[in-house]
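Please open the model in your viewer and keep the selection panel at hand. The tour below goes from the arrangement of the chains to the contact between them, and then to an annotated span.

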2 protein chains.
Amino acid sequence: MEKRTEEGMRYEIERKFLVRDDSWRGRDEGVRLRQGYLSVDPERTVRVRLVGDRGWLTIKGASVGSVRPEFEYAIPAAEAASMLEHLCLRPQIEKIRYRIEHAGLLWEVDEFLGENAGLVLAEIELADPRQPVTLPPWIGEEVTDDHRYSNAWLSRHPFRHWGADPN
Amino acid sequence: MEKRTEEGMRYEIERKFLVRDDSWRGRDEGVRLRQGYLSVDPERTVRVRLVGDRGWLTIKGASVGSVRPEFEYAIPAAEAASMLEHLCLRPQIEKIRYRIEHAGLLWEVDEFLGENAGLVLAEIELADPRQPVTLPPWIGEEVTDDHRYSNAWLSRHPFRHWGADPN
């Protein structure tokens, strides 16, 4: 869920968790996402995302806890694909996103592919950082404040290499 | 002028020159531009520009001579202003852009302000890099291939400090 201020900036309020087991599976077939970055600076991240026939350009500012300013624009899928192919940093993120409802909230479970295979993260977007959240039984440790689990970080330090290159 | 390929990427074909004197003045009142950068990486520059009540988000790839891939999106002016205020790198570029026709081509003359005051550059966008160009008499040295005159570079190395910090 997003909030909009008078001047047009939105704030993404998000909490992120590890996933404990596979008991969340089977409730959504998921959609495949490909995303890359034009900037991985945490104070001005620029992400290109391709979801089927839809493209998105998303700009995020510095996080303060779970709150992060965000600007998002729909762009033609062909242009997103072209930026991913020619301009974005590599490696890129590929994942399947599943949307799973629990206790009235919609969780996004990201199963990473490729260089990040083996990693599964769950995110919940909130209207307010203090909003109470009933955690599903498959939710593990909270990693909201752990920068290693940001997609921009994962794109440069893929999960498969964490053992060899501890952060 | 821009060219569009099948996949949606456009190519900006541009030549850039120093301006020799003030004889170009008085033919256009000019518009004031403010612009900042979310990425100054020459292979994936991300620029936010505010021109009066219009905002633009522009992504450029690596230049090959005078040819550079470019993606441009109109965005709400309030969002451009918010990104300039809160997210973009500093210092930012402020300039007055004058549009001056000469021999059938439209030149853009940029008079820089603030930290880049004293610098005046003229640009011409072409349909083809080999297109013949009749240079106006006020045009000086060509700087198309001199990275110091890119706006992304000027935003970090303002013209006023060039004497103290030669590049």
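Begin with both chains of this predicted model, and superpose chain B on chain A, which takes a rotation of 180° with 0.0 Å of shift along its axis and leaves an RMSD of 0.0 Å. The two copies are therefore related as by a two-fold rotation axis. To find a landmark for that axis, select B:Ser39, whose C-alpha, at 2.9 Å, comes closest to the axis of the residues of chain B.

Next, select the contact between the chains, to which chain B brings 24 residues and chain A brings 24 residues. On the side of chain B that touches chain A, the elements giving two or more residues are strands E3 (31–39), E4 (44–51), E5 (54–61) and E6 (67–75), together with helix H1 (77–86), each of chain B. If you then colour the side of chain B that touches chain A by residue class, you will find 15 nonpolar, five polar and four charged residues.

Finally, select residues 10–156 of chain A, which UniProt, in an unreviewed entry, lists as "domain: CYTH". Within this span, 11% is helix and 49% is strand, and the C-alpha atoms at the ends of the span lie 26 Å apart.

Note on methods:
Residues are numbered from 1 along each chain as its sequence is written. Chains are lettered from A and ligands numbered from 1 in the order in which they are written. This is a predicted model: local features need pLDDT of at least 70, side-chain atom pairs count only at pLDDT 80 or more; totals for chains, interfaces and linings use all residues. UniProt positions are given in the numbering used here, feature names are shortened, and annotations may be inferred rather than shown by experiment. Helices (H or I, at least four residues) and strands (E, at least two) are DSSP runs, numbered from the N terminus. Copies are superposed by least squares on the C-alpha atoms of residues with pLDDT of at least 70 in both. Two residues are in contact if their C-beta atoms, placed from the backbone, lie within 7 Å. Ala, Val, Leu, Ile, Met, Phe, Trp, Tyr, Cys and Pro count as nonpolar, Asp, Glu, Lys and Arg as charged, and the others, Gly among them, as polar.
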